[in-house]
Amino acid sequence: RFELGCAGDDILRGLGQIAATYIACRAGSDLLLVDQHRAAERVIADQIAGRDGVVQRQMLVLPMTLELTGAELAAVEEHRERLGEMGFQLEAFGGSDYICRSVPAALVNGSPEAALRSIIEELAEWGRVGNDEVREKLVATIACHAAIKSGQALTDREVHELIEALNASATPAICPHGDPIIITVERSELDRRFGRTPVSATK
């Protein structure tokens, strides 16, 4: 068990991992459960946004070759500049093929090819959308693929670092997809479940 070195009742304090999926925390006298995947998504998305749109990229030793459907090809051609800003350096390779020479650095330790294919499929499904909306969706998808997964065991240090980063977020309660990150069980609910009243809580 450990606590972050921050003060204040609104600060999450990590207690430990549950089922390799959730992180038990406290804030003041309340118990909170944090979804570790969604928390990591929020942290990564914030990191991308905090660089003023400049996404760190990693050149690939062996470029990926992608064979695209007609809809996917049209989507890549329409949004290639935006994909480039997100770290994907794509070049036409003749016919319906494209070569990817770089990916966002956040994806290097994951499965960048699976992430890119998923992104291209989504772009083809989105149809015509504005650049700002495309960027927002791309950030969310990159963060999802780069984030810690549900079922992934974490060390105490990794839990500590994730909760510390989540505390620094301006929007710690909602992931980039709009889903909740934190569930709160208030002290009053704990007292009720244990059959206690606030006056007798220390007895």
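By pLDDT I mean the predictor's confidence in each residue, on a scale from 0 to 100. The term is needed at once, since what you see is a predicted model. Across the protein the mean pLDDT is 84, with 87% of the residues at 70 or more. Among the elements I shall mention, helix α5, residues 156–167, has the highest confidence in the protein, at a mean of 93, whereas helix α4, residues 131–146, has the lowest, at 83. Residues 1–8 call for caution: their pLDDT is below 50, although the stretch makes 21 contacts in the model beyond near neighbours in sequence. Where pLDDT is low, the predicted coordinates should not be read in detail.

The antiparallel pairing of β1 with β2 extends over 5 bridges, and Arg13 stands opposite Arg26 in β2.

Which residues of α5 are buried? They are Val159, Leu162, Ile163 and Leu166. These residues lie on the same side of α5 because they cover an arc of only 95 degrees around the axis. In general, an α-helix has 3.6 residues a turn, so residues three or four places apart point the same way. The buried residues of α5 pack against β1, β2, β3 and β7, and also against α1 (36–49). As for its length, α5 has 12 residues and reaches 16 Å from its first C-alpha to its last, close to the 16 Å expected.

The other sheet I wish to show is also open, with 3 strands in the order β4-β6-β5 and antiparallel pairing. Here β4 (57–67) and β5 (89–92) are the edge strands. Neighbouring strands are turned by 20 degrees on average, direction ignored. β5 pairs with β6, residues 97–104, over 4 bridges in the antiparallel sense, and Gln89 stands opposite Ser102 in β6. Helix α2, residues 70–85, packs on this sheet and touches β4, β5 and β6, its direction making about 140 degrees with that of β5. Helix α3, residues 112–126, lies across β4, β5 and β6, running at about 55 degrees to β4.

Key:
Residues numbered from 1 in each chain as written. Predicted model: local features only at pLDDT ≥ 70, side-chain atom pairs only at ≥ 80, totals over all residues. Heavy atoms only, no water. Helix = DSSP H or I, 4+ residues; strand = E, 2+ residues; numbered from the N terminus. Contact = heavy atoms within 4.5 Å. Expected span 1.5 Å × (residues − 1). Buried < 20%, exposed > 50% of the residue type's maximum accessible area, 1.4 Å probe, protein only. Arc of directions from axis to C-beta. Pairing = 2+ DSSP bridges. Axes fitted to C-alpha atoms, helices over the stretch in contact; angles between N-to-C directions.
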